[in-house]
Every structure is written in C-alpha cells, then in structure tokens.
Amino acid sequence: MFKLYSSLRKELLLLINDKVGLALMFLMPLLLVFIITIIQDSAYKMVNENQIPLLVVNQDKGSEGAKLVDLLTKSGLFKIDSQNAIEQQSLKSELLSRGKMIALYIPASFSAGLESNAEDVSTILMDDLGLAHDTTARRKVSMPRLSFYNDPVLQENYSYSVMSVIQSYMSVIENSLMIDRMYANMDIAERSAKLKDKMISNRVGIDQIVARNNNSTAIPNSTQHNVPAWTIFAMFFMVVSLGSNIVKERINGSFLRLKTMPTTFMVVMFSKMAIYVVVAALQVALTFSMGVWILPKLGLPKLSVPDNIIATIAVIFISSMAAVSYALMIGAFAKTEQQANGFGAISIIIFGAIGGILVPTFVMPGFMQFFSNFSPLHWCLEGFYVLFLKGGSWQDLRTVFAFLGIFIVFCQLGTYFKLRLERII
Amino acid sequence: MDQVCIQIRGVCKRYKSAQEDSLSEVSLDIMQSDVFGLLGPNGAGKTTLISILCGIIPVSSGDVRFFHNGTPYSNAERKSRIGFVPQEYAFYQELTARQNLDYFGAMYNLSQNRLKERREHLLEVLGLEKAADKKVGTFSGGMKRRVNLAIGIIHQPQILFLDEPTVGVDVQSRNAIIRYLQQINQGGTTIIYTSHHMSEAEEFCKNIALIDHGKLIAAGGLQHLKAEHQVENLQTLFINLTGEEYRD
C-alpha cells in the first residue's frame with residue numbers, strides 16, 4: 001500500500017511541477033469553452049433569435065413592392081434597412097461598404113408584372129369556366145424578377161433559407177393578387193376577403209418536436225455543444241503532459257531502474273492512469289461548473305446537467321480512460337519528448353476536427369462522417385450528446401462504450417507490447 | 001574463506017538484428033564482499049553484462065546464479081538484494097532529492113520509518129543535506145551523480161552494480177563517492193563496477209575482469225594480473241591487452 005501511495009505521490013508531484021501541462025489541461029479548456037461559446041452563441045442567436053440585417057432597395061412603382069417589404073418587416077425575421085435611392089448597379093458595392101450580409105432589390109416593374117400575370121391567370125380561368133368578363137386588352141408586362149444579393153462569406157444554405165422566406169411571402173402576394181383579379185372580373189371584388197383568408201392565412205402548420213428519449217428540456221445551444229466538446233478536447237490534450245512524462249522516464253533510464261527493483265511495473269502504470277483520470281474528472285468538474293455558473297452570468301445559455309448522474313460518471317470515466325490510454329501509447333511510441341508533444345497535439349487536433357469537436361459531424365461530407373467513426377473524440381462527444389441533448393439511457397450508450405472500450409484496449413495493448421519490446425515490462 | 005556471490009557460466013548475448021554477439025562465452029566468479037572491476041573499451045560489452053546481472057535483459061545462452069553465504073537464491077529474490085546505479089541520471093529531475101529517494105525507497109519495499117532514516121543518512125553522508133529540498137534538475141553533475149548513487153543504495157543492497165558512477169564529475173565528488181563506496185564495501189556489500197578511469201579502478205578494485213569485443217580476455221586479482229603481465233599499472237595492462245586503436 002505504501003508503495004502504491006508513493007507511486008501516486010510521485011505522479012502527482014511530477015504533474016504539479018509540469019506548469020505548461022497544467023495550463024494546457026486546465027486553462028485551455030476554460031478559454032476554449034468561453035471564447036467558442038460566445039462566438040457560436042452569437043451565430044445561434046443570429047439564426048434563432050436575432051433579426052437578420054437586410055438591405056432593401058424598393059424601386060417598384062406600384063404598391064406590391066411595399067407590401068412585400070411590409071410582410072418581411074412584420075415577419076420579425078429581418079431588420080430592414082430601406083435605401084430606395086440606391087441604383088441597382090451600385091448595390092453590390094453598397095452592400096459590402098454598409099457591412100450588410102444580404103440585400104433585396106425590387107425592380108420598378110414589380111407590381112405591374114405581378115398584376116399582369118394575375119390578369120392572365122384570371123382570364124384563363126374565366127374563359128375556361130365560360131364566364132363573361134372584361135375583355136379590354138391590357139398591356140402585357142413580363143413576370144418580374146427580384147434580385148437577391150449576398151456577401152460571398154455567407155454560407156450558401158443560409159442564403160437559400162433567406163430566399164425561401166422571401167419566396168413564401170411572394171406566394172402570399174401573388175395568390176392575393178390573383179384572387180382579387182378573379183373576383184374583380186366577376187364583379188364581386190368586395191367578397192374576395194373570405195377566400196383570401198381561407199387560402200392564404202389558413203395554411204398547414206408544422207409542429208417542431210425534438211427527438212429525445214425522455215422529458216429532457218435541454219435545448220441544443222452553444223453551451224450544450226461547447227462545454228462537453230472542448231472538455232473532451234482538453235482531456236485528450238493530456239497527451240502533452242503524460243506522453244512526454246513517459247518518454248522522459250523511458251529515455252532517462254528510470255523505467256529500466258525500476259526493472260531492477262522488487263516492484264511491478266503495473267504499480268507505475270496504474271498510478272499514472274489513476275492520477276490522470278482524476279485530472280480528467282477535475283477538468284470536467286471545472287468546465288461544467290463554468291457552464292452552469294459562469295456562462296449564464298455572461299448572458300450565455302446555462303449548461304443543463306443530465307438527470308442520469310451514474311451514466312454521466314460512466315461517460316466521464318470511459319472518456320478519461322480513452323484519453324489516458326492514448327497518451328500512454330503516444331508516450332510509449334515516441335522517441336523524443338518533442339515527438340510526443342508535436343505528434344500528440346496535432347493528432348488530437350485532427351481527431352477533434354474529424355470527430356465533430358470543431359463542427360458537428362452531420363454537416364460534414366459523407367466520407368468524412370465515415371472517418372469520424374475512427375476518432376475517439378467523436379465517441380466521447382457522442383456519449384455526452386446522448387446524455388445532454390438526447391436525455392440518453394444506458395441503451396443509447398452501448399455503442400459509445402463499445403467503441404471506446406475497443407479503443408482503450410487497442411491503446412493499452414499497443415503500449416504494453418512497445419514497452420515489452422524495449423524490455424521495460 | 002571467500003564465497004562465490006555471482007557465478008557466471010558461458011553467457012552469450014546477441015541483440016535482435018545484430019550480426020555478432022555482444023557477449024560471447026563469458027564465465028566468471030565474483031566473490032562475496034569483493035570490489036570487482038568490469039573493465040574494457042567502449043562497446044566491449046560491460047554494460048550488457050551488468051544489464052544481464054541486474055535482470056534488465058535476458059541471456060541468449062548460458063547461466064547466471066546468485067548466492068549468499070553459499071546459498072543460492074532466485075531471480076525474484078535477487079531484486080531485493082541488488083542495487084543498481086546506471087550511467088544515466090535515472091531519476092526525476094523535476095523532483096527534489098528527498099522526493100526521489102522517497103519514491104525509489106518505497107519501490108525497494110522500505111517501510112516509512114526505515115526509509116526516512118536511510119534517506120536522511122544518505123543525504124548527510126553524500127553531502128546533499130542542504131540541497132535536499134531543491135529540484136534535482138538544478139543540481140551540478142557531481143550532485144546528480146551522488147543522488148543517482150543514493151537511490152541505488154537506499155535499501156542497503158548486498159550487491160551493488162555501478163555503471164561508470166563517477167563519469168563527468170569533479171575530483172571532490174569523485175572522492176566522496178569512492179570513499180563512501182569503500183565504506184559500504186567494508187560493511188560487506190559486494191560491488192561490481194565499470195569505469196574508464198584506470199587509476200580510480202586500480203585504487204578501488206580488488207579483482208578485475210577485462211572484456212573486449214564481448215569476450216573475457218583476462219580476469220583475476222589486480223596485483224596478480226599486473227605481475228603476470230609484468231606491468232606497473234592497470235592502464236598499461238589495459239592497453240597491452242586491448243590495443244591502442246580507436247574504438248567506436
């Protein structure tokens with residue numbers, strides 16, 4: 001027991017003396033969670049809560065352009081900046097110079113074109129029904145085109161979303177015009193309101209339901225993603241401290257010296273693992289505390305801790321073991337401290353990128369989603385997602401435990417055989 | 001009567017992917033309470049032989065047996081009875097001398113009280129008392145050598161293996177180390193020692209073995225070997241037997 005205590009104490013002292021390693025393991029996740037959550041939260045708000053800044057140039061000579069602007073304003077989705085004096089030729093440069101991301105140009109013939117089209121539709125209908133109507137020839141105006149301008153940095157899907165919103169309001173206007181025209185042709189213009197209300201206002205609604213296995217009320221937000229994601233990233237970054245620690249002991253002969261002593265190497269490895277699993281648990285406690293108590297004070301969403309505490313502890317433990325096992329393997333295979341630090345850090349960034357730490361895997365191309373299965377960080381994150389966002393049960397966590405278990409066994413065996421090859425074990 | 005402490009018979013060692021044996025048919029008897037010098041040029045096989053005796057690497061063929069007062073003991077038991085001081089500073093530079101001794105002492109199964117007693121004794125006799133709570137990484141080469149030695153002898157081993165224990169240290173540290181080693185040898189500890197300092201070895205060792213190209217080329221009492229080869233000192237004996245060409 002005294003041997004184990006001494007071994008644990010030695011590991012703890014080595015850790016305490018590794019100031020850079022401590023900073024990387026404890027300061028880095030706090031900074032990452034803090035910075036990335038703020039950045040992503042503003043993006044979430046831009047889509048979910050904030051109004052989208054929209055520059056509108058309405059040069060329509062009729063009233064339909066104004067109606068469209070009015071509908072867009074009333075939707076509450078856009079913060080409209082009307083600048084009707086701007087010429088279409090200079091709209092691109094105006095958009096960029098005003099710092100707006102999107103602009104809508106409504107041409108002069110907008111109302112005329114819509115009305116002309118409505119007239120045509122009404123005429124076809126009246127003729128087909130054999131009803132008498134006003135046959136006075138009117139000037140044909142072709143269907144107008146709106147121009148949508150966007151900053152090149154704006155994501156394509158974001159632009160499409162905004163265009164879809166405009167398109168849906170255009171349907172409202174066009175349908176309304178057609179109904180008005182048909183009723184007018186039938187000389188019952190004053191009775192069009194009822195039909196318009198039935199056709200335009202009374203549309204199929206969509207209820208949004210988030211798929212969860214329990215009654216969890218946690219809503220996907222920047223905090224729910226970033227706190228676990230960057231905690232996992234920081235856990236795996238222990239490769240810099242633990243990996244180089246092992247390389248040092250291998251190179252300076254401490255491990256070989258231990259081989260001449262009446263002790264088992266398992267005590268050494270167990271102590272290392274135990275100390276670093278505790279470090280990982282402390283990392284989680286620190287970043288989660290930040291998510292629960294500090295981020296809300298900064299106006300960011302609060303981290304909702306999952307109900308299943310035992311499952312949460314199990315996910316934290318298996319994630320820590322995966323991180324520790326990876327660090328041990330890098331430490332066993334690296335020839336120098338520089339190799340352990342360089343390869344270790346870069347590999348974690350790559351694993352993080354393909355594992356969905358930086359951007360969620362569902363937005364990745366198909367082949368990258370396949371590769372994400374090979375990242376231990378992906379499975380750790382998946383475990384936290386099951387707990388945090390899907391109110392996960394043990395059933396849901398089975399795959400996570402299976403993949404991480406395989407990864408841990410692979411790393412431990414790799415470490416064992418490499419140290420055995422070097423006759424350290 | 002002198003009793004055999006280590007019996008080495010026909011030991012050969014060839015590393016994986018090596019073309020030649022690093023040790024070839026080495027047979028030796030090392031007596032209890034001896035100061036035995038394993039001497040030879042670079043790459044002769046001294047460190048390989050010490051590593052085999054300490055149980056770090058296995059033999060390819062041959063046999064090594066350990067005895068105490070004529071009674072053999074197992075390899076497992078050997079670990080409690082031997083001390084090893086490698087060429088490298090095989091300890092933790094980030095820890096203090098006291099913390100290093102605490103850790104390695106515990107690995108030698110010392111009890112807490114015994115460990116404290118031995119630790120303070122060694123820090124005092126090896127002149128490390130004042131710097132005991134400073135990180136070893138800040139120590140001079142001589143101090144580090146003394147820490148390296150202290151770790152190897154903290155459990156008072158019956159047999160002490162020293163692989164070039166005084167390399168790169170000043171005269172004062174070397175004297176302190178040799179003086180203390182002589183002292184523990186008088187207390188009954190068998191010392192097996194390698195060095196490139198012929199004058200130091202001549203002063204320190206009672207018996208020597210000269211190894212070159214993995215083969216034992218001479219072994220026996222130092223005075224006897226000098227008389228047999230009609231040389232005045234160990235250095236001349238060494239050059240006569242191993243030649244003057246450079247070794248890699």
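Helices, as counted here, are DSSP runs of H or I with at least four residues, and strands are runs of E with at least two. On this basis, residues 400-419 of chain A are 100% helix and 0% strand. The end C-alpha atoms of that span lie 28 Å apart. The model is predicted.

Residues 400-419 of chain A belong to a set of annotated segments. In an unreviewed entry, UniProt lists residues 20-39, 267-289, 309-333, 345-368 and 400-419 of chain A under "transmembrane region". Among these, residues 20-39 of chain A are also 100% helix and 0% strand. The end C-alpha atoms of residues 20-39 are separated by 26 Å.

Chain A as a whole contains 16 helices and four strands. Its radius of gyration is 32 Å, well over the 22 Å that the globule rule gives for 425 residues, so chain A is more spread out than a compact globule. Along the principal axes, the C-alpha atoms of chain A fill a box of roughly 110 × 45 × 40 Å. The domain assignment divides chain A in two. Domain 1 comprises 2-43 + 212-421, and domain 2 comprises 51-201. The C-alpha centres of the two domains of chain A are 54 Å apart.

A sheet in chain A was then examined. Four strands of chain A form an open sheet in the order β2-β1-β3-β4. The pairing is mixed. Asn58(A) has Ile106(A) in β3(A) as its bridge partner. Helix α3 (residues 64-75) of chain A lies across β1, β2 and β3 of chain A. The helix runs at about 145° to β2(A).

Chain B has nine helices and 10 strands. For 248 residues, a compact globule would have a radius of gyration near 18 Å, and the 18 Å of chain B agrees with this. The C-alpha trace of chain B spans about 50 × 45 × 40 Å along its principal axes. In an unreviewed entry, UniProt places the feature "domain: ABC transporter" at residues 6-238 of chain B. That stretch of chain B is 38% helix and 26% strand. The end C-alpha atoms of residues 6-238 lie 24 Å apart.

At one end of the order, β9 (residues 207-212) of chain B runs antiparallel to β10(B), and six bridges join the two. In this pair, Asn207(B) stands opposite Gly221(B) of β10(B).

Other strand pairs in chain B involve β1 (residues 4-13). β1(B) pairs with β2 (residues 23-31) of chain B in the antiparallel sense over six bridges. Here Val11(B) stands opposite Val26(B) in β2(B). β1(B) also pairs with β4 (residues 61-68) of chain B, again antiparallel, over five bridges. Ile6(B) has Phe66(B) in β4(B) as its bridge partner.

The two chains meet in a contact of 24 residues from chain B and 19 residues from chain A. On the side of chain B that touches chain A, α2 (75-81), β6 (82-85) and α3 (97-107) of chain B each supply at least two residues. α3(B) gives the most, with five residues. By residue class, this side of chain B divides into 15 nonpolar, five polar and four charged residues.

Definitions and conventions. Residues numbered from 1 in each chain as written. Chains lettered and ligands numbered in written order. Predicted model: local features only at pLDDT ≥ 70, side-chain atom pairs only at ≥ 80, totals over all residues. Contact = placed C-beta atoms within 7 Å. Nonpolar A, V, L, I, M, F, W, Y, C, P; charged D, E, K, R; others polar. Pairing = 2+ DSSP bridges. UniProt positions renumbered as here; feature names shortened; annotations may be inferred. Domains from an automatic or database assignment. Rg over C-alpha atoms; globule rule 2.2 N^0.38 Å. Axes fitted to C-alpha atoms, helices over the stretch in contact; angles between N-to-C directions.
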